[in-house]
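Subject: Structure handover and what turned up in it

Hi there,

Here is the structure I promised to pass on. Have a look at it first, and then read on for the notes.

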Amino acid sequence: MLFSKMFIPTMKEDPKEAEVISHKLMLRAGFIRRLSSGIYTWLPLGLRSLRKVEQIIREEMNRKGAQEILMPLVQPKELWVESGRWEKYGRELLRIIDRNDRDLCLAPTHEEVVTDLVRREVRSYKELPLTLYQIQTKFRDEIRPRFGIMRGREFTMKDAYSFDMDESGAEHSYLDMYDAYMNIFARCGFKFRAVEADTGQIGGSFSHEFMVLADTGEDVVISCSNCGYAANLERAEIGFIGKEGMQKKGQYKRVETPGKKKVDEVAAFLGVTPATLVKTLIYNTDQGVIGVLVRGDREANETKIRSLIGFDWLELSDVETIEKATNGPLGFSGPIGLDIPLYADNDVCNMEDFVVGGNERDIHVKDVNVADFSVKGFFDLKIAEEGDPCPRCQNVLMAKRGIEVGHVFKLGLKYSKAMNATFLDKNGKEQFMVMGCYGIGVSRTVAAAIEQSHDENGMILPFALVPFEVDILPVNIAHEESMVLAKEIYNNLLDKGIDVVLDDRDERPGVKFKDCDLIGIPIRITIGERNLKDGNVEIKIRQEKESLKIKKEEVIERVLNYVEDFKRM
Ligand code: ATP
Ligand code: MG
């Protein structure tokens, strides 16, 4: 490509609309432009990177025997009613009406359509297992689109769906995809972790998120400093060593805490630390109203409560429910004398002489011990924090920020049952197909790569994802000898299959150098009049400070060696 002919609208200044570095750099380097909230155009440079991610994904999916298809973006309401998601999906699902008053939606994901396809076409066990994938546009009307294409409304996803005869087949398909993802993200040059994620009602460890580690990530990865344990914040478990059961009982005293509802206010008023309080949180669940006890300085983890205790759903109770369940107002709930099932976090088991709510306005109770009330049990119910013990080896847990670029998930029979996707087994008996789904945020992957590697001058994309591998930069395009050599090297590298751009613009060298660094082209060949007099050109690697003077005859070999080195990294 000739730079002068390319559409690369770079920007000198940081755009105001961008908060995170990847968004800033993608705008500045002319990768993307915004059309509307969460909706972007990919420009030539950005698209080259996006296509490289897609290509890596295709190769690794095909290697596992997954087959590429392309499903519609616009989908009929009926299928979504069948799966139950027309109601459940909420406002992220963008609904539209056609000229015949038919309800349609823009696909945020494709379980319905793929299940419909397979239930119509696959009849026999002989046609299973089957894994289909596509790389396609999704639309999700996100509440808070932000960080450019990182959380867009319209974005590109690779989504795959597996169909198996039975559980063990489904587990095999799952592990295949897990393996493909490990390869994909390694080839993209990421520092990443595969972390356990919540499986909802499916259970088991059949949901993993692939997190690129980056300080600006929206997600938190909890991992052990010693063993291999890693999970997302929702799912992360905490190790626990219980003390001997506390025997104290009946020593508690009711105290006045006028107007003090919040943990910090009560603690300050009583002159104690928040860690000596126990909060009583009242929840509505599918099994009725319950209470959850958590140490005052920690937060309850609703995902863990739901899955450990086996609720289908739960949400914090409204004021009326709290008043009815506790006979006291919001902010003063406590476990003593409460007539609802109580579940306590493990911490509470080790506490002594603590403070709880008095179930009466302006009253708390102090010097309380666990024998003073009855609980269903002690469980791991709080949100993990750095410094907590690992659930596997008791070593210290660490918390790091991450960007979720992929998600593999065992669906089980959820969609096949709802939509009656069956096949005939060996005995001619009708069975439901066991499904899995596997997503990669293709466009987000490009942003995550930039987020993970850049410097003050611009992007340093991993070699596998760069829009161009080599930039040939003649300092003065009016100097004939420079241009002849530049074109010769350019054609030679093109023949060798290198992604090369020739910066033939009539610009000051400073401008060209800056753009080359901004875009993050890994190998730069500078051709200047003075060096050329001695038969030399300069070669510079993006991450390195110094450039190297080499004989012009050696350029091609050098570049090819560098490319090999980069590919091995
Ligand atoms: P998130 O928690 O970030 O909203 P999700 O759980 O909704 O993600 P999935 O439904 O599992 O995501 O989608 C698969 C992948 O698609 C995600 O791992 C992520 O990389 C990507 N993705 C999801 N939402 C967006 C978005 N709004 N913009 C860009 N990529 C997205
Ligand atoms: Mg989402």
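Let me begin with a term: a salt bridge here is a side-chain nitrogen of Lys or Arg within 4 Å of a carboxyl oxygen of Asp or Glu. Searching the whole structure with that rule gives 45 salt bridges.

Before the details, a word on the basis. This is a predicted model, in which local features need pLDDT of at least 70 and side-chain atom pairs count only at pLDDT 80 or more, while totals for chains, interfaces and linings use all residues. Residues are numbered from 1 along each chain as its sequence is written, chains are lettered from A and ligands numbered from 1 in the order in which they are written, and side-chain values use heavy atoms, with hydrogens and water left out.

Salt bridges

One of the salt bridges pairs Arg187 with Glu59, whose closest N and O atoms are 2.8 Å apart. This pair links distant parts of the chain, as Arg187 sits in helix H6 (residues 167–187) and Glu59 in helix H2 (residues 44–63), 128 residues apart. Helices (H or I, at least four residues) and strands (E, at least two) are DSSP runs, numbered from the N terminus. For burial, the words are used like this: buried is under 20% relative accessible area, exposed is over 50%, and partly exposed is in between (1.4 Å probe, protein chains only). Arg187 is partly exposed at 33% relative accessibility, and Glu59 is partly exposed at 34%.

Arg505 and Asp515 form another salt bridge, with 3.0 Å between the closest N and O atoms. Arg505 lies in the loop between strand S28 (500–502) and helix H14 (509–519) and Asp515 lies in helix H14, so this pair ties together parts that are 10 residues apart in sequence. Are these two residues buried or exposed? Both Arg505 and Asp515 are buried. Elsewhere, salt bridges with shared partners join Arg295, Asp297, Asp345, Asp347 and Lys382 into one network.

Arg102 also forms a salt bridge with Asp98, and here the closest N and O atoms are 3.9 Å apart. Asp98 is partly exposed, with a relative accessible area of 24%.

Aromatic pairs

Rings of Phe, Tyr and Trp (its six-membered ring) pair if their centres lie within 6.5 Å; planes under 30 degrees apart count as stacked, over 60 as edge-to-face and the rest as tilted. How many such pairs does the structure hold? There are 14 aromatic pairs. Among them is the tilted pair of Phe185 and Phe210, at 5.7 Å centre to centre and with 35 degrees between the planes. Phe185 lies in helix H6 and Phe210 in strand S10 (residues 207–213), so the pair ties together parts that are 25 residues apart in sequence. Phe185 is buried, with a relative accessible area of 0%, and Phe210 is buried at 0% too.

For Phe463 and Phe566, the ring centres are 4.8 Å apart and the planes are at 0 degrees, so this pair is stacked. Phe463 lies in the loop between strand S26 (458–459) and strand S27 (470–474) and Phe566 in helix H16 (residues 555–568), so the pair ties together parts that are 103 residues apart in sequence. Phe463 is buried at 10% relative accessible area, and Phe566 is buried at 11%.

Ring pairs also link Tyr178, Tyr181, Phe185, Phe190, Phe192 and Phe210 into a cluster.

Backbone points

Most residues other than glycine have a negative phi, and most peptide bonds are trans. Which peptide bond is cis? The bond from Leu128 to Pro129 is cis, with omega near 0 degrees, and Pro129 is found in the loop between helix H5 (111–121) and strand S7 (130–139).

Asp362 is not a glycine, yet it has a positive phi of about 65 degrees. Asp362 lies in the loop between strand S18 (354–357) and strand S19 (363–368) and is partly exposed, with a relative accessible area of 25%. Asn420, also not a glycine, has a positive phi of about 55 degrees. Asn420 lies in the loop between helix H11 (414–418) and strand S22 (422–424) and is partly exposed at 47% relative accessibility.
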